[in-house]
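Hi,

Here is the model I promised to pass on. Have a look at it first, and my notes on what turned up follow below.

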Amino acid sequence: MADLPKFHPSLTVTNIKSLIPVILDNEQGLYHSWDTMFINLARVYDLYDHLVPPTEVSALAANTTTKSADPALWKRLDAVILQWIYTTIASDLLLAILKRNDTAEGAWNRLESLFQDNKASRATHLEEDFTNAVFDSFTSIDSYCNYLQSLADKLADVDAPITNSRLVLRLTDSV
């Protein structure tokens, strides 16, 4: 009798966009949000090791054992994660990272490098947007505050954090 295919809960996910409602693209600068939601989902389904292999010796040994115990299931789960990545990114990013016979880890690393390798130039651009934001350009104080907070979060993502006091000063300075 042939072995029955193994079941994993991630194989039941039919609409990844309901779990990761953010589409990653180059324009909106939502890498931090997308990355956070994606990592959380990978942890929920116990698939994080497909994206970022463990470095601790005991965890690495366990990962190797799991991978070699059922290589077909490992490859299938890796393909699930790849499909999740492909479905939640814009087509220009998909074209930039798409490779035949890829792994989730490979695609993940290429995406990360697209957004993290040019930190200095992204920080400069975001800093300029932060400094030049004018309240009059927004429909409400809430939208202005959300915009400044979003820029502060993006700056933190590129290792150029804005202090809370600077954020408050920027807000009160322009209102």
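Predicted model: local features only at pLDDT ≥ 70, side-chain atom pairs only at ≥ 80, totals over all residues.

The protein chain has a mean pLDDT of 86, with 96% of its residues at 70 or more (pLDDT is the predictor's confidence in each residue, from 0 to 100).

Residues are numbered from 1 along each chain as its sequence is written, and side-chain values use heavy atoms, with hydrogens and water left out.

Let's start with the core. The largest nonpolar core has 30 residues, and Trp34, Phe38, Trp84, Ile85 and Leu111 touch the most other members. (A nonpolar core is a set of buried Ala, Val, Leu, Ile, Met, Phe, Trp, Tyr and Cys residues joined through side-chain atoms within 4.5 Å; buried means under 20% relative accessible area, exposed over 50%, and partly exposed in between, with a 1.4 Å probe and protein chains only.) At least two residues of this core come from each of α2 (31–44), α5, α6 (91–97) and α7, and α5 gives the most, with eight. Leaving aside residues up to four places away in sequence, Trp84 touches Ser10, Val13, Ile16, Phe38, Leu41, Tyr45 and Leu47, where contact means heavy atoms within 4.5 Å. There is also a second, separate core of 12 residues, including Leu126 and Leu151.

Everything was done on a 1 Å grid over the protein atoms alone: a cavity is a set of points where a 1.4 Å probe fits but cannot get out, a pocket is an open set with protein on both sides within 12 Å along at least five of seven lines, and lining residues have an atom within 4 Å of a point. Grid points are joined across faces, edges and corners, and a volume is the space filled by probe spheres set on the points.

The largest pocket holds about 230 Å³. It is lined by 13 residues, with Asp46, His50, Thr66, Trp74 and Leu77 closest to its centre. α4 gives the most to this lining, four residues.

What is the volume of the second largest pocket? About 200 Å³. Its lining has 14 residues, and His50, Lys67, Trp74, Asp78 and Thr103 lie nearest the centre. Here α5 provides the largest share, five residues. By class, this lining has five nonpolar, three polar and six charged residues (Ala, Val, Leu, Ile, Met, Phe, Trp, Tyr, Cys and Pro count as nonpolar, Asp, Glu, Lys and Arg as charged, and the others, Gly among them, as polar).

One cavity of 30 Å³ or more is present, and the largest cavity holds about 60 Å³. Among the residues lining this cavity are Tyr31, Phe115, Arg122 and Asp157.

Asp46, in the loop between α2 and α3, has a positive phi near 55° without being a glycine, and counts as exposed because its relative accessibility is 67%. Asn101 also has a positive phi, about 55°, and is not a glycine. Asn101 sits in the loop between α6 and α7 and, at 73% relative accessibility, counts as exposed.

Cheers
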